[in-house]
Amino acid sequence: TPGPSTRRSTKLEQAAEQPSCDRHGQGAPAKLTPREQDILSGYARGLSNQEVAVELQLSPHTVKTYSADLLAKLGVNNRQKALRKAVALGLARFSA
């Protein structure tokens, strides 16, 4: 058994280690919800969670929850990777 000093991985880290797939386990990436698209759009514009929260009229905690779900769904561990993967999978498009 792990000792008390062993770091436990978070739910997000565990999800990020799993391949991105739909709810039926078919291996196809899951579609993003409209709110996840909103969060991703905030990422693309360089907004902080606080700024996204103000823009979407949500609490910062809610934005963090959506953000964690989005990263887990895409199987990545940061915003930049989320943007790249969403675009590569055709889940999002952003204009320059």
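Helices (H or I, at least four residues) and strands (E, at least two) are DSSP runs, numbered from the N terminus. The chain in this predicted model has five helices and zero strands. Residues are numbered from 1 along each chain as its sequence is written, and side-chain values use heavy atoms, without hydrogens and water. Local features need pLDDT of at least 70 and side-chain atom pairs count only at pLDDT 80 or more, while totals for chains, interfaces and linings use all residues.

**Core**

Buried means under 20% relative accessible area, exposed over 50% (1.4 Å probe, protein chains only). Buried residues make up 26% of the 96 residues. A nonpolar core joins buried Ala, Val, Leu, Ile, Met, Phe, Trp, Tyr and Cys residues through side-chain atoms within 4.5 Å. The largest one has 18 residues, and Ile39, Leu40, Tyr43, Leu70, Leu74 and Ala82 have the most contacts inside it.

Helix 4 supplies the largest share, four residues.

**Helix 5**

The buried residues of helix 5 are Ala82, Leu83 and Ala86. They lie on the same side of helix 5 because they cover an arc of only 100° around the axis, taken from the directions from the helix axis to the C-beta atoms. They pack against helix 2 and helix 4. Contact means heavy atoms within 4.5 Å. Leaving out residues up to four places away in sequence, Ala82 touches Leu40, Tyr43, Leu71, Leu74 and Val76. The face turned away from the buried side carries the exposed residues Arg84 and Ala88.
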